[in-house]
Amino acid sequence: MRILLVEDERRIAEDIVTTLKAAGYVVETASDGEEAWFRGDTEDYDLIVLDLGLPKMDGLTVLKRWRAGGRTVPVLVLTARGAWAERVEGIDAGADDYLPKPFRMEELLARIRALIRRSVGLGAPIVEAGPISLDTRQMRVARNGVPIAVSPLEYRLLSYLMHHRGRVVTVSELLEHLYGDDDARETNALEAAVARLRKKVGPGIIETRRGFGYEIGGEKA
Ligand code: CA
């Protein structure tokens with residue numbers, strides 16, 4: 001899952017980036033409104049965390065422009081404590097949730113998990129596909145309740161496919177959502193990760209749709 005963090009206060013941004021990365025997300029950052037608007041308009045994120053007080057273009061304007069342009073990405077707005085009018089404006093402008101500063105990182109993560117689940121129509125923090133379960137709170141994978149050890153990339157891969165179960169996910173979409181801006185995006189490495197993950201989760205879970213991509217939970221013959 002790939003997240004855009006828009007925050008102009010460097011210390012806060014660094015703390016959030018560290019937290020998000022530790023939680024298995026790929027994170028890109030923008031520190032002013034113009035850059036944020038451009039990235040959100042041209043790139044495909046699973047979620048955007050948006051501070052409202054930003055240089056060059058304020059967060060509300062950025063959000064309104066994304067929505068006016070048809071961008072439906074889930075947006076979690078960061079507001080100043082007690083700024084209820086700001087929160088109302090944010091929600092009216094198309095924010096999906098808000099979090100007043102200062103906040104606990106645990107709460108930020110819980111809200112992000114919930115927003116991403118909701119955006120793909122899932123209700124619970126544990127996602128299942130056949131015998132495989134993925135606990136998005138603990139970043140744990142199990143088969144029939146028995147834990148499976150996976151690498152961070154394998155976790156991101158399985159998580160993305162399971163959050164989008166029932167549809168074919170293309171290789172280019174995976175490359176875009178599993179790697180950050182600074183990472184080398186290599187198809188070979190991705191295919192190798194799929195092969196390793198397949199061995200771990202067992203046969204019949206991750207299916208290849210030749211020429212298209214991969215799918216979990218598709219229709220079986
Ligand atoms: Ca700010």
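## The lining of the largest cavity

In this predicted model, the residues that line the largest cavity divide into six nonpolar, four polar and three charged. The lining is made up of 13 residues, and those lying nearest the centre of the cavity are Met1, Tyr25, Tyr155, Ser159 and His163. Two elements, helix H5 (105-119) and H6, each give two or more residues to this lining, and H6 gives the most, with four residues.

The volume of the largest cavity is about 110 Å³, and the structure holds one cavity of 30 Å³ or more.

## Helix H6 against helix H7

Besides its part in the cavity lining, helix H6, which covers residues 152-163, packs with helix H7, residues 171-178, at an angle of about 125 degrees and with the two axes 10 Å apart. Because of that angle, H6 is oblique to H7, and the crossing in which H6 passes H7 is right-handed.

On the H6 side, the residues that meet H7 are Leu153, Arg156, Leu157, Tyr160 and Leu161, while H7 brings Glu173, Leu174, His177 and Leu178 to the contact. Taken by class, the residues of the contact of H6 with H7 divide into six nonpolar, one polar and two charged.

## Helix H1 against helix H5

Helix H5, which also gives residues to the lining of the largest cavity, packs with helix H1 (residues 10-22) at an angle of about 55 degrees, and the axes of these helices are 11 Å apart. H1 passes H5 in a right-handed crossing.

The contact is formed by Asp15, Ile16, Thr19 and Leu20 in H1, which meet Met105, Leu108, Leu109 and Ile112 in H5. The residues of this contact of H1 with H5 divide into six nonpolar, one polar and one charged.

## Backbone features in two loops

Most peptide bonds are trans, and most residues other than glycine have a negative phi. Against that background, two places in the backbone deserve a separate note. The peptide bond that joins Lys101 and Pro102 is cis, with an omega of about -5 degrees, and Pro102 has its place in the loop between strand E5 (97-101) and H5, the helix that meets H1 through residues including Met105 and Leu108.

The other place is Met139, which has a positive phi of about 60 degrees although it is not a glycine. Met139 lies in the loop between strand E7 (132-135) and strand E8 (140-143).

Technical notes
Residues are numbered from 1 along each chain as its sequence is written. This is a predicted model: local features need pLDDT of at least 70, side-chain atom pairs count only at pLDDT 80 or more; totals for chains, interfaces and linings use all residues. Side-chain values use heavy atoms; hydrogens and water are left out. Axes are lines fitted to C-alpha atoms, for helices over the stretch in contact, and angles run from 0 to 180 degrees between N-to-C directions. Angles under 35 degrees count as roughly parallel, over 145 as roughly antiparallel, 65 to 115 as roughly perpendicular and the rest as oblique. A crossing is left-handed if the near helix is turned anticlockwise from the far one by less than a right angle, and right-handed if clockwise. Contact means heavy atoms within 4.5 Å. Ala, Val, Leu, Ile, Met, Phe, Trp, Tyr, Cys and Pro count as nonpolar, Asp, Glu, Lys and Arg as charged, and the others, Gly among them, as polar. On a 1 Å grid over the protein atoms alone, a cavity is a set of points where a 1.4 Å probe fits but cannot get out, and a pocket is an open set with protein on both sides within 12 Å along at least five of seven lines; lining residues have an atom within 4 Å of a point. Grid points are joined across faces, edges and corners, and a volume is the space filled by probe spheres set on the points.
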